[in-house]
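Subject: A structure for you to explore

Hi there,

Here is the structure I promised to pass on to you. Have a look around first, and then read on for what turned up in it.

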Amino acid sequence: MAKQEAPFRVGGIVEPPYFVGRNDDLRVLAETLRTLSQNVLLLAPRRFGKSSLLWNLRRSLADIPDLLLPYVNCRDMASPEDLFRGLVHPLLQELAEKRKLSGLWEKFRLVFSSGVLGALRALEEIGGSIGEWGQVYLRFREAEVDEKALVRAAFSYPKRIAAEYRVRVVFLLDEFQEVAAFDNYVFAALKKELDNPGDVRFVFSGSSLGLLREVFLREDSPLFLMVSRYELGPLSAEEAVPFVQERLALAGYTVEKATAERIYELTGGIPFYLQKLGLVLVQKLWLSGKKSVGKREVDAAFEQMLTELDSEFEVRWLSEFSPLQRRILRVLAKGPAGPTALAQALGMKPQDISSSLARLRAEMVLRRTEAGYELTDVVFARWLSKD
């Protein structure tokens with residue numbers, strides 16, 4: 001078979017043609033960012049496509065000449081120093097591109113890697129607010145200022161840079177719950193800037209409702225009610241089913257709607273699993289030489305996918321959940337249940353499991369529906385049911 005475009009893409013950030021739907025989400029968020037109307041807290045469980053949504057949101061607004069959308073992955077941040085670096089790098093790269101400032105980042109990076117004299121010469125050449133921003137870091141390197149001063153600079157200088165270069169800035173801070181482990185002065189410094197933001201806004205994205213609730217939704221938090229909450233759900237069948245049919249057609253397979261709907265049902269419309277199952281299915285079809293795709297082939301591919309995910313799910317099962325939480329999840333993997341029915345199935349009282357349920361909801365492992373509690377990750381639920 002001639003080499004051709006892979007019909008599905010698994011893992012990492014995906015762009016068209018692999019990016020699925022989300023047209024309504026993109027439209028709402030793009031308008032919010034374009035007008036700088038508010039800061040946004042984007043919430044979704046793991047594998048629901050938050051990072052890809054942010055990246056494609058950035059792509060959709062890339063043609064606006066005065067709007068900078070630096071993307072920051074907070075998973076890389078272990079300290080306030082990482083926070084400073086994390087904000088500086090993508091902002092200066094975006095600014096250099098939009099304002100045709102050749103070599104701006106290459107000069108600024110000497111602040112992190114060069115001797116003091118070399119760094120000072122580079123900053124004097126840059127000048128302005130950017131040069132001052134770098135000087136704060138140099139003083140931190142020389143132990144002349146502490147981490148608190150560095151954090152204040154990290155959040156305060158983008159506003160000055162936006163005014164100086166006549167641009168608007170929206171930071172896309174992905175997996176922001178990683179920053180929640182920092183001391184509270186980080187959020188106090190951020191609050192000061194959110195109170196008087198100028199032309200700078202933030203999109204905070206994360207997959208831990210519990211940690212983000214501590215940061216944004218607790219009354220004694222510095223950032224209490226300073227963001228607009230936006231929850232990202234699974235893909236709808238209207239988005240996912242045609243996508244599956246189109247991508248399988250690319251691989252040379254005509255797929256009935258009912259078969260594509262079976263793929264949607266098994267994956268729950270979660271983007272990662274939709275792509276993963278599609279890829280496993282195509283690989284099995286290629287190896288077997290089959291030309292037809294039906295429910296039997298889909299179910300066989302799903303079983304193989306579960307096998308491939310087995311070790312990952314096993315590690316998660318043993319490391320993330322307490323014994324009581326594991327008992328709760330095993331019951332709910334069989335179907336939704338309210339707290340009373342769940343407690344009865346466990347031979348316990350509802351009050352004995354309330355804190356465990358609250359924690360599982362906070363971590364977005366469970367969601368509450370009209371039918372009761374159910375697992376957010378339907379593939380994980382099917383793995384538990386199989387075990």
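You will find Arg 121 in helix α6, which covers residues 116-126. From the C-alpha atom of Arg 121 to that of Ala 333 the separation is 62 Å, and these two residues are 212 apart along the chain. Please keep in mind as you read that this is a predicted model.

**The whole chain**

The chain contains 18 helices and 8 strands. Its C-alpha trace spans about 70 × 60 × 35 Å along the principal axes. Of the 387 residues in the chain, 51% are buried. If you take the contacts between residues at least 6 apart in sequence, 73% of them join residues at least 24 apart. The accessible surface of the chain is about 18,000 Å², and carbon and sulfur atoms account for 48% of that. There are 53 positive and 52 negative charges, and the mean positions of the two sets are 2 Å apart.

**Aromatic rings**

A handy starting point is that a pair of aromatic rings is described by the distance of the centres and the angle of the planes. How many aromatic pairs does a search of the whole structure find? The search finds 23 aromatic pairs. One of them is formed by Trp 55 and Tyr 71, an edge-to-face pair with 5.4 Å centre to centre and 90° between the planes. Trp 55 belongs to helix α2 (residues 50-60) and Tyr 71 to strand β3 (residues 71-73), so this pair ties together parts that are 16 residues apart in sequence. Trp 55 is partly exposed at a relative accessible area of 22%, whereas Tyr 71 is buried at 16%.

Now look at Phe 202 and Phe 204: why is this pair stacked? The planes of the two rings are at 10°, with the centres 5.6 Å apart, so the pair counts as stacked; the cut-off for stacking is an angle under 30 degrees. Phe 202 is buried, with 3% relative accessibility, and Phe 204 is buried too, with 0%.

Ring pairs also build a cluster, which links Phe 84, Trp 105, Phe 108, Phe 112, Trp 133, Tyr 137, Phe 140 and Tyr 157.

**Charges over rings**

Two arginines are worth a look here. Arg 47 has its charged end over the ring of Phe 272, 4.1 Å from the ring centre. Arg 58 lies over the face of Trp 55, at 4.8 Å from the ring centre, and Trp 55 is the residue that also pairs with Tyr 71.

**Helix α2 and what it packs against**

Which residues of α2 are buried? They are Lys 50, Ser 52, Leu 53, Leu 54, Asn 56 and Leu 57. These buried residues pack against α1 (23-35) and against the strands β1 (40-43), β3, β4 (168-174) and β5 (200-206).

**A residue in helix α14**

Glu 308 sits in helix α14, residues 295-320. With 37% relative accessibility, Glu 308 is partly exposed. Leaving aside residues up to four places away in sequence, Glu 308 touches Lys 276 and Val 280. Its C-alpha atom is separated by 50 Å from that of Ala 122, which is 186 residues away along the chain.

**Backbone details**

The peptide bond from Pro 16 to Pro 17 is cis, with omega near 10°, and Pro 17 is in the segment before α1.

Arg 166 has a phi near 55°, a positive value in a residue other than glycine. Arg 166 lies in the loop between α8 (147-165) and β4, and it is exposed, with a relative accessible area of 70%. Glu 175 also has a positive phi, near 55°. Glu 175 is located in the loop between β4 and α9 (185-195). Is Glu 175 buried or exposed? At 7% relative accessibility, Glu 175 is buried.

Enjoy exploring, and write back with any questions.

Best wishes

Definitions and conventions. Residues numbered from 1 in each chain as written. Predicted model: local features only at pLDDT ≥ 70, side-chain atom pairs only at ≥ 80, totals over all residues. Heavy atoms only, no water. Phe/Tyr/Trp six-rings, centres within 6.5 Å; stacked < 30°, edge-to-face > 60°. Helix = DSSP H or I, 4+ residues; strand = E, 2+ residues; numbered from the N terminus. Buried < 20%, exposed > 50% of the residue type's maximum accessible area, 1.4 Å probe, protein only. Lys NZ or Arg CZ within 6 Å of the ring centre and 35° of its normal. Contact = heavy atoms within 4.5 Å. Areas by Shrake-Rupley, 256 points an atom, 1.4 Å probe, with all protein chains shown as cover. Lys, Arg positive; Asp, Glu negative; His and termini not counted. Charge placed at Lys NZ, Arg CZ, Asp CG, Glu CD.
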